[in-house]
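Hi,

Here is the structure I promised to pass on. Have a look at it first, and then read my notes below.

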Amino acid sequence: MRAYGAVMDPWAETEPGVLVLPSGRRVRGRGLRRPLPEGSPPPAFGLYLLGRPPCPVPWVTRWVCWPDFRLPTAPGDLHEALRELWQRAGTERVEVACSGGTGRTGTALACLAVLDGLPPARAVAFVRGHYGRHAVETRGQARFVAGFSA
């Protein structure tokens, strides 16, 4: 494992689940119910969006309490975690994940796109077009992105 701030090869754009943000930073989104893609390098940092703490993994992680089909229980914690993820994405392989990799992960990726400079009104469409067409599953999640600010 590399220390925070160490430069490592970014995700390949063809790696499953990789979203290339407008700035060029790359973030992998995935569902934790599925195994890691075969032959895929591990992330240096993972942000996990679950109703309970995730299982231990051999890389640095951060957990935000976020029950399925809902919103984060502490939006300020999510904002802080996404800022850290965005910063790390400049020099490290990072991932964001929930159980299925669609609703919470898609919502977080859309908020990350806002932090990256995309207007909130375009963030959901951006993630659906570049990550997964079903990303951001509920109207509440879409409203959360619309109200998210950098």
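Let me start with how pockets were found: on a 1 Å grid over the protein atoms alone, a pocket is an open set of points where a 1.4 Å probe fits, with protein on both sides within 12 Å along at least five of seven lines, and its lining residues have an atom within 4 Å of a point. Grid points are joined across faces, edges and corners, and the volume is the space filled by probe spheres set on the points.

Before the findings, some housekeeping. This is a predicted model, in which local features need pLDDT of at least 70 and side-chain atom pairs count only at pLDDT 80 or more, while totals for chains, interfaces and linings use all residues. Residues are numbered from 1 along each chain as its sequence is written, and side-chain values use heavy atoms, with hydrogens and water left out.

The pocket

The largest pocket comes out at about 280 Å³. Its lining has 17 residues, and Leu32, Leu50, Pro54, Cys55 and Ser99 are the ones nearest the centre. By type, the lining splits into ten nonpolar, two polar and five charged residues (nonpolar is Ala, Val, Leu, Ile, Met, Phe, Trp, Tyr, Cys and Pro; charged is Asp, Glu, Lys and Arg; the others, Gly among them, are polar).

The aromatics

Rings of Phe, Tyr and Trp (its six-membered ring) pair if their centres lie within 6.5 Å; planes under 30 degrees apart are stacked, over 60 edge-to-face and the rest tilted. The whole structure has two such pairs. One is tilted and joins tryptophan 66 to phenylalanine 144, at 6.3 Å centre to centre with 55° between the planes. Tryptophan 66 sits in the loop between strand S4 (60-65) and helix H1 (75-89) and phenylalanine 144 in helix H4 (residues 139-146), so this pair ties together parts 78 residues apart in sequence. (Helices are DSSP runs of H or I, at least four residues, and strands are runs of E, at least two, numbered from the N terminus.) Phenylalanine 144 also pairs with phenylalanine 148, again tilted, at 6.3 Å and 45°.

How covered are they? Buried means under 20% relative accessible area, exposed over 50%, and partly exposed in between (1.4 Å probe, protein chains only). Tryptophan 66 is buried because its relative accessibility is 0%, and phenylalanine 144 is buried at 16%. Phenylalanine 148 is buried too.

Arginine 25 is over tryptophan 86, 3.5 Å from the ring centre, and arginine 93 is over tryptophan 11 at 5.7 Å.

The 13 residues of H2 (residues 103-115) should span 18 Å at 1.5 Å a residue, and the end C-alpha atoms are 18 Å apart, which agrees (the expected span is 1.5 Å times one less than the number of residues). In H2, 13 of 13 residues are buried. Just after it, glycine 117 has a positive phi of about 115°.

Phenylalanine 69 is not a glycine, yet its phi is positive at about 65°. That residue is in the loop between S4 and H1, and is exposed at 51%. Valine 136 likewise has a positive phi, near 65°, but is buried at 1%.

Cheers

Methods:
Lys NZ or Arg CZ within 6 Å of the ring centre and 35° of its normal.
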